[in-house]
Amino acid sequence: MIRRFGRAAGAIGLALALLATTALPAAAGLGGQSRDITLDGRNDLFARRASDNVMLVYPHSGVFNGQQTFTSPGVVVGHGAGIADFYALARITGGPGPDQVARWHQSGGGELKVYPHSGKLNGTSTWLAPVTLGFGANINNFTLFHDVNNDGWDDQIAREAATGDLYVYYHSGVFNGTATFGARQLLGTGWGPVSWLAMADLTGDGVSDLIAADPTVDQGRLTLYPGDNGISARSGAAQRPAPRFDRVRAGQARAAAGWGPVTVGTGWTMMDTITLTDVNLDGWPDLVGKVTSNGELLVYPHSKGVSGMTTFGSPQLIGTGWQPFDIIT
Ligand SMILES: [Ca+2]
Ligand SMILES: [Ca+2]
Ligand SMILES: [Ca+2]
């Protein structure tokens, strides 16, 4: 099964989302992977406005057309968003649409909660009352959700703050409170220095890849780390040996075999928020970044192939005035 974003993927649980939290190096990349909140087959934008802690949804208009691509003004879907330091959208409950996940960082050592999707975009009733997924999530300083093993359920990927190790918590296939996700398994090491990372099929082979921003080189080097077949096999989590994404060692081994990491961008420290979403509706995940200095939202469309620095095309303006937002996904 080819897993891509947008229409091709439909309502299956693609995606993820994430955001950076505390203790991230340099400009923290907030965001992750956008989801279809309105259930029309097109990924929309979810954002937190930090200035007044309001959450908004900006539906995709159906046409890729500059600043008219996403419908503005956004729909207010929540207040008091300062209760959490992390928001994401993911398929966790098995409901009609992407659920909202939040980390209440001041309770339970980081209480992860899921707000089930109600079935439609409906203001502050879009998502239902929360259910707790777990505690102690503050040990991680980067979290995202993505269906790593292609079983239709989004898995939790998290970077442990103390070690820089990347772990995956596979979804059990049953929405069941704190038993929803299994014990963590090591996915890779060496991810401490990156300011943003996300997972998606960026090479078009149906296998989940990883993309990350390293603020210590090239003023923010963006690197694509191709995944191998084992990562997305549906054969059961126990049969997938880890780690699959050792940043240095596995990268070198793969490079020797001809499918190693690929530099796909530089200068990304200019962005304080990055997310992946199919903005131009061609089924390929595009890069969206918010420029820290001027609040512009830019999209870099995927070229439908992997070709180094031209993997993602020239930026196009899709929004202005996004300065007050610290989470966009
Ligand atoms: Ca939509
Ligand atoms: Ca999964
Ligand atoms: Ca696209």
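Helices, in the sense used here, are DSSP runs of H or I with at least four residues, numbered from the N terminus. Helix 2 of this predicted model is followed by G258, whose phi is positive, near 90°. The helix itself, which spans residues 249–256, is hardly covered, since the count of buried residues among its eight residues is zero.

A contrasting picture is found at strand 10, which covers residues 155–160 and is mostly covered, with five of its six residues buried. Strand 10 has pairing partners that can be taken in turn. Strand 9, made up of residues 140–146, runs antiparallel to strand 10 and is joined to it by six bridges; within this pairing, N140 stands opposite E160 of strand 10. Strand 10 also pairs in the antiparallel sense with strand 11, residues 166–169, over four bridges, and here I157 has V168 in strand 11 as its bridge partner. Strand 10 and strand 11 form a hairpin with five residues between them, and in the turn of that hairpin G164 has a positive phi of about 80°. As a general point for reading such pairings in the model, the side chains of a regular strand alternate between the two faces of the sheet.

G177 counts as exposed because it has 11 C-beta neighbours inside 10 Å, where the cut-off for an exposed residue is 12 or fewer. Leaving aside residues up to four places away in sequence, G177 touches V131, T132 and L133. G177 also lies 9.0 Å from V114, C-alpha to C-alpha, although 63 residues separate G177 and V114 in sequence.

Another part of the model to follow is an open sheet of four strands, arranged in the order 4-3-2-21 with antiparallel pairing. Strand 4 (75–78) and strand 21 (325–328) stand at the edges of this sheet, and each has a single partner strand, so one side of each is left without a neighbour in the sheet. On average, and with direction ignored, neighbouring strands of this sheet are turned by 30° against each other. For strand 21, the pairing with strand 2 (residues 45–49) can be followed in detail: the two run antiparallel and are joined by three bridges, and R48 stands opposite I327 in strand 21.

Technical notes: Residues are numbered from 1 along each chain as its sequence is written. Chains are lettered from A and ligands numbered from 1 in the order in which they are written. This is a predicted model: local features need pLDDT of at least 70, side-chain atom pairs count only at pLDDT 80 or more; totals for chains, interfaces and linings use all residues. A residue is buried if 20 or more other C-beta atoms lie within 10 Å of its own, exposed if 12 or fewer, and partly exposed in between; C-beta atoms are placed from the backbone. Two strands pair if DSSP finds at least two bridges between them. Axes are lines fitted to C-alpha atoms, for helices over the stretch in contact, and angles run from 0 to 180 degrees between N-to-C directions. Two residues are in contact if their C-beta atoms, placed from the backbone, lie within 7 Å.
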